[in-house]
Structure formats: structure tokens, C-alpha cells
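Colleague: I am new to reading protein models. Could you walk me through this one, feature by feature?

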Amino acid sequence: MSSSGTTLDGAVVVITGASSGIGRAAAQAFARQRARVVLAARDDEALQEVAAQCRACGGETLVVVTDMTLSDSVERLASAAADFGQGRINVWVNNAGVGAVGAFDETPLDAHEQVVQTDLIGYLRGAHVVLPYFKQQNRGVLINTLSVGSWVPQPYAVAYSASKFGLRGFSHALRGELVQWPGIHVCDVYPSVVDTPGFRDGGNYAGRSLQPPPPLCDPRQVAEAMVSLALHPRHTTSVGMMATLLRFAHFITPGFDKLSGLITGAALRRADRVAPSSGNLFHPALGQRRIDGGWRSDNSRQENLLVAGGIAVGLIGAGLLLLRRRR
């Protein structure tokens, strides 16, 4: 990696959650930049498949089976990555994530704990093991995959919301602590709802089929944003029109949390019944590992803009109506 940061050729890039979705897309995007990509997830077979794809894109790869809920496993990942990079790690992407959907008190406590262990504490583990390398080098880029859910609460996914809100504070605090290390950057990516296998693979304690609301963001857009952050670090970047619209709607709409709960609850009650499942919370997903979730239609970008605008206007209007009724 050049000292100017204008190329990722030869840079050592660690990506957690690399077996599917955003992580798999990011692995290929960094490989196309000729980075040396370290792939981490629990599913060895899926990682080997991603490694072959990355090599076809022009990048060197290392597979390290890793469980982000185990500190020893994350420490081994950092050590293996440093050996692969002859003592250096240039970029670390905290991306591994799981979810559990269902009423808070009807979702087992160990499911909530697993979400927090992966989505929040797993990110702390990643930062904790890579920062000594960054400080030794006087440079490095930590990229955290957050979510529009870091700003907008997600009813029926309470542990996920708690984790994503916590990550926002984590990044802000860590950034302040590293002010004396100007070469070390903490960068946050805020995607809107992304078309990944996550809705299919996650824990489902609602007993209803789950489908992400449109419009959906292409995981490859998030991956390209990560590459951009590695080359030109900045504190935050949003991906997808709904990330900005929902954040704005939440800011100006009174009663947004209650409204969101009513809408989500109604959508779940209308959905088909399915058997509750812990999904990929405690073991790798059983379904096919891929980038896309297969939820997107062939709608044009213009149609997606209309959907997003309609949703935002509807939420704002309903919130203003609630405020008027209260008065």
C-alpha cells in the first residue's frame, strides 16, 4: 500500500463476516484493488469459495475461520493476518452480524445475548486486537458496518437496535481517544436496508415469514463505499437513499418510534406463519452462501426513489397527525 493512500495494491485487509452478503461483496471489491484479503467467518466451506472468487479478481487471500463471539478466536485472526502481512495490517473491516426478530419478551434471552455478542462486542474485539498493529505502524483504517438502525430504532429487533446504537457511541468515543494518532482512522458505513441473505438466515422468533421493506440497497454499493473509505478515510458515509430519508424522518417526526412499532407489528401479523427458528445465531447458516438475498425486483432506480419518497412522506405525515391528536 502506498504511503499516499491512493492505492490498495498489496494492502492487508481483514474482513469479518466475509462468507455472504456485504462481507462477500467487500472481499471481491478489495481483491479487485489487488489487496491481500483476509477472510473471516464461521463457515470454512463458504470462505474457501469466496477465496477462490477473490483470487479470480486478482487478490491474494487467507482464510481464517473465526467466531467473533470468542476473544481467543479474534486474537488468532489478528495474529494470522499480521503474519500474512509480514507484521502489518492496513485495513480492518468489522462487518460480521446476526439478527433476531420477534417480540422482545418472547425471544429467548440467549438469542438477544448472541446478537449483542456478535454485533456490538464482536466489533470491540476486532478493534481491540487490531489497534496495537495500527499504533505500531502509526496508521490504519478501521471500518465499522453500522446501519440506518444506528439512528432509527427497529421494533421487534431490540437487541439489534441496542447493538447498532451502541456502535455509534463506540466509534465516536474511540475516534476521540485516537486524536493523537492522526494516521489511524475510524470510519462508519451506514447502509439502508440491504438485499442480503440476512433476513433469510437470521433468528426468527416472530413465527412469521420475514421480508425486507423496499427499496433495497445492492450489497456491492456498500462494498464500494468501504473501498472508498480505505482509500480516502472519513468519519461516516451513508449508502442508499433510505438511510438518509429515514434518519431525517426520525429526526423531525414526533412519535416515530411508536409509529414504527405499529407498522412493523401490523406487517408481521399479515405475514404467513412459519416455525420459529434460531437461524444462524449459534452456528453458520445452512442455506446457500451468496452476496444477494434475492429480494430485489427489476424496478428501476426512479421507481425506488418514488417508493422511498412515499415512505418518508407517509411517516412524517403520520407523525404530525399523532402530534396534532396529542395536542
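This is a predicted model: local features need pLDDT of at least 70, side-chain atom pairs count only at pLDDT 80 or more; totals for chains, interfaces and linings use all residues.

Colleague: How many helices and strands does the chain have?

Modeller: Helices (H or I, at least four residues) and strands (E, at least two) are DSSP runs, numbered from the N terminus. Here the chain has 10 helices and nine strands.

Colleague: What share of the residues is buried?

Modeller: Buried means under 20% relative accessible area, exposed means over 50%, and partly exposed is in between, with a 1.4 Å probe and protein chains only. Of the 327 residues in the chain, 50% are buried. A contact, in turn, means heavy atoms within 4.5 Å. Among the contacts in the chain with a separation of 6 or more, 76% are between residues 24 or more positions apart.

Colleague: Now the strands. Which way do β2 and β3 run, parallel or antiparallel?

Modeller: Two strands pair if DSSP finds at least two bridges between them. Strand β2 (residues 36-41) and strand β3 (residues 60-65) run parallel and are joined by six bridges. Along this pairing, Val38 stands opposite Leu62, and Ala41 has Val65 as its bridge partner. β2 also pairs with β1 in the parallel sense, over five bridges, and there Thr16 is partnered with Ala40.

Colleague: How does the chain cross from β1 to β2?

Modeller: A crossover is right-handed if, with the strands pointing away from the viewer, the path from the first strand over the helix to the second runs clockwise. The chain goes from β1 through α1 to β2 in a right-handed β-α-β crossover. A right-handed β-α-β unit is also made by β2, helix α2 (residues 44-57) and β3.

Colleague: Why is β2 described as largely enclosed by the rest of the structure?

Modeller: Six of the six residues of β2 are buried, so the strand is largely enclosed. Both faces are covered: Arg36, Val38 and Ala40 are buried on one side, and Val37, Leu39 and Ala41 on the other.

Colleague: Which residues of the largest nonpolar core touch the most other members?

Modeller: In soluble globular proteins, nonpolar side chains tend to be buried together. A nonpolar core is a set of buried Ala, Val, Leu, Ile, Met, Phe, Trp, Tyr and Cys residues joined through side-chain atoms within 4.5 Å. The largest one has 38 residues, and Ile15, Phe30, Leu39, Ile143 and Met226 touch the most other members. Elements that each supply at least two residues to this core include β1, β2, β6 and α7. The most comes from α7, which gives eight residues. Apart from this core lies another, of 31 residues, with Val74, Ala81, Tyr123 and Val130 among them.

Colleague: What does Ile143 touch?

Modeller: Not counting residues up to four places away in sequence, Ile143 touches several residues, including Val91, Trp92, Cys187 and Met226. Of these, Cys187 is buried, at 1% relative accessibility.

Colleague: How many disulfides are there?

Modeller: A disulfide is a pair of cysteine sulfur atoms within 2.5 Å. A search of the whole structure finds zero. For Cys54, the nearest cysteine sulfur is that of Cys57, 6.2 Å away.

Colleague: Is Ser150 buried or exposed?

Modeller: Ser150 is buried, with a relative accessible area of 0%. This residue is in the loop between β6 (140-145) and α5 (158-177). Leaving aside neighbours within four places in sequence, Ser150 is in contact with Lys164, Phe165, Arg168 and Tyr190.

Colleague: Which peptide bond is cis, and which residues have a positive phi?

Modeller: Most residues other than glycine have a negative phi, and most peptide bonds are trans. Here a cis peptide bond joins Pro214 and Pro215, with omega about -5°. Gln86 is not a glycine, yet has a positive phi of about 55°; this residue is in the loop between α3 and β4 and is exposed, at 76% relative accessible area. Asn138, also not a glycine, has a positive phi of about 65° and is in the loop between α4 (109-137) and β6.

Technical notes:
Residues are numbered from 1 along each chain as its sequence is written. Side-chain values use heavy atoms; hydrogens and water are left out.
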